[in-house]
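This briefing is meant for someone meeting the structure for the first time.

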Amino acid sequence: MTFELPALNYAHSALAERGMSQETLELHHDKHHQAYVTALNGFVDGNAALQGKTLEEIVTLSYADDALAGVFNQAGQHWNHIHFWNALSPNGGGIPGTLEAKLVDSFGSVDDFKAAFKTAATTQFGSGWAWLIQKADGSLGVTKTANGVNPLATGEGTALLGLDVWEHSYYVDFRNRRPEYVTNFLDNLANYEFAEANLA
């Protein structure tokens, strides 16, 4: 199985008015994500045990296996970025009713959810991700992961909405102002319909 870079569901310029420039998407999607895909395919080509496996199978198989650390880095980032492009929308920011009710039930209010998510995203030291997840008991939570790690690998829950906080995801538009990038994502870019669709 050869993995491929998925096309965006919107034009590279479609998010610019909401704080993510065409330049960022061209660099992040076309260059960074493509590099993960290319490297992953190289690993798979060289390891018969990985051939024919789905991306999800490779992520879970290679996580925490020192011998497959390089494989996991690429597979994890490929999975994360597929999620991330879907977590962005030119019409982002509006929260549909079912998800809103779950957020209020789990966090107390939408504002409390956003505060918890922002804390996770801004306190992830160095490169990584912030996630809204649904736990095994059905409740929602927020978590953060380093580098290419994700909730699929850790088993913490189902990823509903993920935010890339690697510096290349925001430096063009926000320089080193990660808190502003996170707030802009939550208020203007987040595809909460996608998050709701991921609910069990």
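Helices here are DSSP runs of H or I with at least four residues, numbered from the N terminus. In that numbering, His-28 belongs to helix α1, which covers residues 22-45. The model is a predicted one, and the points below should be read with that in mind.

**Packing of α1 and α3**

- Two packed helices are described by the angle between their axes and the distance between the axes.
- Helix α1 packs against helix α3 (residues 69-86) at an angle of about 140°, and their axes are 9 Å apart.
- Because angles over 145 degrees would count as roughly antiparallel and 65 to 115 as roughly perpendicular, α1 is classed as oblique to α3.
- The crossing in which α1 passes α3 is left-handed.
- On the α1 side, the residues that meet α3 include Leu-25, His-28, His-29, His-33 and Phe-43, while those they meet in α3 include Gly-70, His-78, His-81, Phe-84 and Trp-85.

**Packing of α5 and α8**

- Helix α5 (residues 110-123) and α8 have axes that come within 10 Å and cross at roughly 140°, and the two helices are therefore oblique to each other.
- The crossing in which α5 passes α8 is right-handed.
- Among the residues making this contact are Phe-113, Lys-114, Phe-117 and Ala-121 from α5, together with Pro-179, Val-182, Phe-185 and Leu-186 from α8.

**The strand pair**

- Strand β1, made of residues 128-134, pairs with β2 in the antiparallel sense over 7 bridges, and within this pairing Trp-129 stands opposite Thr-145 in β2.
- The two strands, β1 and β2, form a hairpin with 5 residues between them, and Gly-138 in the turn has a positive phi of about 95°.

**His-28 and its surroundings**

- His-28 has a relative accessibility of 0%, so this residue counts as buried.
- The side chain of His-28 is joined to that of Asp-164 by a polar contact of 2.9 Å, and to that of His-168 by a polar contact of 3.4 Å.
- When neighbours within four places in sequence are left aside, the residues in contact with His-28 are His-33, His-81, Phe-84, Trp-85, Asp-164, His-168 and Ser-169.

**Phe-3 in the segment before α1**

- Phe-3 is found in the segment before α1, and its relative accessible area of 8% means that Phe-3 is buried.
- Although Phe-3 and Val-44 are 41 residues apart along the chain, their C-alpha atoms are separated by 9.4 Å.
- Leaving aside neighbours within four places in sequence, Phe-3 has contacts that include Val-37, Leu-40, Asn-41 and Val-44, as well as Lys-53, Leu-55, Ile-58 and His-78.

**Two residues with positive phi**

- Asn-147 is not a glycine, yet it has a positive phi of about 50°; Asn-147 lies in the loop between β2 (140-146) and α6 (151-154).
- With a relative accessibility of 42%, Asn-147 counts as partly exposed.
- Arg-175, which is likewise not a glycine, has a positive phi of about 50°, and Arg-175 is placed in the loop between α7 (171-174) and α8 (178-189).
- Arg-175 has a relative accessible area of 42%, so Arg-175 is partly exposed.

Notes
Residues are numbered from 1 along each chain as its sequence is written. This is a predicted model: local features need pLDDT of at least 70, side-chain atom pairs count only at pLDDT 80 or more; totals for chains, interfaces and linings use all residues. Side-chain values use heavy atoms; hydrogens and water are left out. Buried means under 20% relative accessible area, exposed over 50%, partly exposed in between (1.4 Å probe, protein chains only). A polar contact is a pair of N or O atoms within 3.5 Å; within protein, one must be able to donate a hydrogen and the other to accept it, and residues adjacent in sequence count only if both atoms are side-chain atoms. Contact means heavy atoms within 4.5 Å. Two strands pair if DSSP finds at least two bridges between them. Axes are lines fitted to C-alpha atoms, for helices over the stretch in contact, and angles run from 0 to 180 degrees between N-to-C directions. Angles under 35 degrees count as roughly parallel, over 145 as roughly antiparallel, 65 to 115 as roughly perpendicular and the rest as oblique. A crossing is left-handed if the near helix is turned anticlockwise from the far one by less than a right angle, and right-handed if clockwise.
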